[in-house]
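This report describes a single protein chain from its overall build down to selected residues. The sequence and the model are shown first.

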Amino acid sequence: MKSIVIHEARDLRLEDRPEEAPGPGQVQIRMGAGGICGSDLHYYNHGGFGTVRLREPMILGHEVSGFVSKLGEGVEGLREGQLVAISPSRSCGTCRYCREAAYNHCLDMRFYGSAMPFPHIQGAFREVLVADATQCVPADGLSAGQAAMAEPLAVVLHALKQAGPLLGKSVLVTGCGPIGILAILAARRAGADLVVATDLSDFTRQMAEKAGADTAIAAGKGALEAFEAEKGTFDVLFECSGAVAAIAGAVPAMRPGGTMVQLGMGGDMELPVQMMTARELSMKGSFRFHEEFSTGVHLMQKGLIDVAPFITQTFRLDQFAEAFETAGDRSRAVKAQIAFADA
């Protein structure tokens, strides 16, 4: 089977890897679609991120969907030919965090396409994947591309849980890449009254307004001055860029008692702690997801969140190099996907 394998920065290859048969409790899946994530781009452009570095060739990809081709022994609730969204998270179920139901903090997490452990966890950008049946959420009624958006949508839904109720709240979203766009969609669905977005790219700001932002402002010094009067405007910040300047610019626009939720993974930052303290702001991290994955699929199936307009490009498997170059171009791409099969 063909697989997209990263060897080192800028060295991405389409290679043959052996197919696997499903064991008990597993399913074999003919892949349908896969979205290129920011972490995939970090491996492609830089060979890793932070202290996480490639030490061996690794199949990339974790935002995926596909069609069940074989059922392993004992699998129920799925059928051959069925479209499923595939959660990339495989927690151990036995460590202290799993026992506390904090599965996203599993001490032995096996997350597709991750160079954190060694040997690396091979990813899902391959024509055929064997997954645990528990990872598979039926996605009937969706396209393969929509189903592959379940993973980034789950990331955002977990962040909304961190933020608390949004009904009637004023929300700021910094960074209008895929996560930022989905944060706008989800915040609107959760009842946010005012949603403002910032980004450097004209294209992504236009997409933010298409997603439901009241206004999208060019990021930069003083961009949010209009929202700083009387100790600020925003109850909640979803920081999706991972940029120091985004945090520094957002804090003066936050209301006292507001909540800042950090999703962007751009490395360590210097924070304006004095102002955060004086305004009694709470800052929360948001890392991965668990039960939100199936919730995201169901929201899409019910038509409550429409991700289709933000899948901006779809490439054939043999166009993988062009796909990765396009995915990182915020002047024309929100979410670029690879189609492994017609769907």
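The sections below treat the overall fold, the cysteines, the backbone geometry and several individual positions.

## Overall architecture

The model is predicted. The protein chain contains 10 helices and 20 strands. Its radius of gyration is 20 Å, close to the 20 Å given by the globule rule for 343 residues, so the chain is as compact as a globular protein of that length. The C-alpha trace extends over about 60 × 40 × 35 Å along the principal axes.

Buried residues account for 54% of the 343 in the protein chain.

## Surface and charge

The protein chain has an accessible surface of about 14800 Å², and carbon and sulfur atoms contribute 49% of that area. Its charged side chains comprise 31 positive and 39 negative ones. The centres of these two sets are 2 Å apart.

## Cysteines

How many disulfides does a search of the whole structure find? The search returns zero. A disulfide is a covalent bond between the sulfur atoms of two cysteines. Two of the cysteines illustrate the spacing.

For Cys-136, the closest cysteine sulfur belongs to Cys-106 and lies 18 Å away, which is too far for a bond. Cys-136 is buried, at 8% relative accessibility. For Cys-240, the closest cysteine sulfur is that of Cys-176, at 8.1 Å, and this distance is likewise too far for a bond. Cys-240 has a relative accessible area of 16% and is also buried, because the limit for that class is under 20%.

## Backbone geometry

A cis peptide bond connects Phe-118 to Pro-119, with omega at about 0 degrees. Pro-119 is located in the loop that runs between β10 (110-111) and β11 (128-132).

Glu-280 has a phi of about 55 degrees and sits in the loop between α8 (273-278) and β18. Arg-288 also has a positive phi of about 55 degrees, and its place is the loop between β18 and α9. Are these two residues buried or exposed? Glu-280 is exposed, at 62% relative accessibility, whereas Arg-288 is buried, at 15%.

A glycine with positive phi comes after helix α1: this is Gly-47, with a value near 75 degrees. Helix α1 itself covers residues 38-46, and its buried residues are Ser-39, Asp-40, Leu-41, Tyr-43 and Tyr-44.

## Two loop positions

Ala-219 belongs to the loop between β15 (215-218) and β16 (234-239). With a relative accessible area of 33%, Ala-219 is partly exposed. Beyond its neighbours within four places in sequence, Ala-219 contacts Thr-198, Asp-199 and Leu-200. The C-alpha atom of Ala-219 lies 8.8 Å from that of Ala-245, a residue 26 positions away along the chain.

Glu-291 is placed in the loop between β18 (282-285) and α9 (292-301). Its relative accessibility of 41% puts Glu-291 in the partly exposed class. Although Glu-291 and Tyr-103 are 188 residues apart along the chain, their C-alpha atoms are separated by 9.0 Å.

## A buried strand residue

Gln-262 is part of strand β17, which comprises residues 254-262. Its relative accessible area is 13%, so Gln-262 counts as buried. Which residues does Gln-262 touch, not counting residues up to four places away in sequence? They are Glu-239, Gly-242, Ile-247, Met-269, Met-283, Lys-284, Gly-285 and Ser-286.

For Glu-291 and Tyr-103, by contrast, a sequence separation of 188 residues goes with a C-alpha distance of 9.0 Å.

Technical notes:
Residues are numbered from 1 along each chain as its sequence is written. This is a predicted model: local features need pLDDT of at least 70, side-chain atom pairs count only at pLDDT 80 or more; totals for chains, interfaces and linings use all residues. Side-chain values use heavy atoms; hydrogens and water are left out. Helices (H or I, at least four residues) and strands (E, at least two) are DSSP runs, numbered from the N terminus. The radius of gyration is taken over C-alpha atoms; the globule rule is 2.2 Å times the number of residues to the power 0.38. Buried means under 20% relative accessible area, exposed over 50%, partly exposed in between (1.4 Å probe, protein chains only). Accessible areas come from the Shrake-Rupley method with a 1.4 Å probe; for residues, only the protein chains shown count as cover. Lys and Arg count as positive and Asp and Glu as negative; His and the chain ends are not counted. The place of a charge is taken as NZ of Lys, CZ of Arg, CG of Asp or CD of Glu. A disulfide is a pair of cysteine sulfur atoms within 2.5 Å. Contact means heavy atoms within 4.5 Å.
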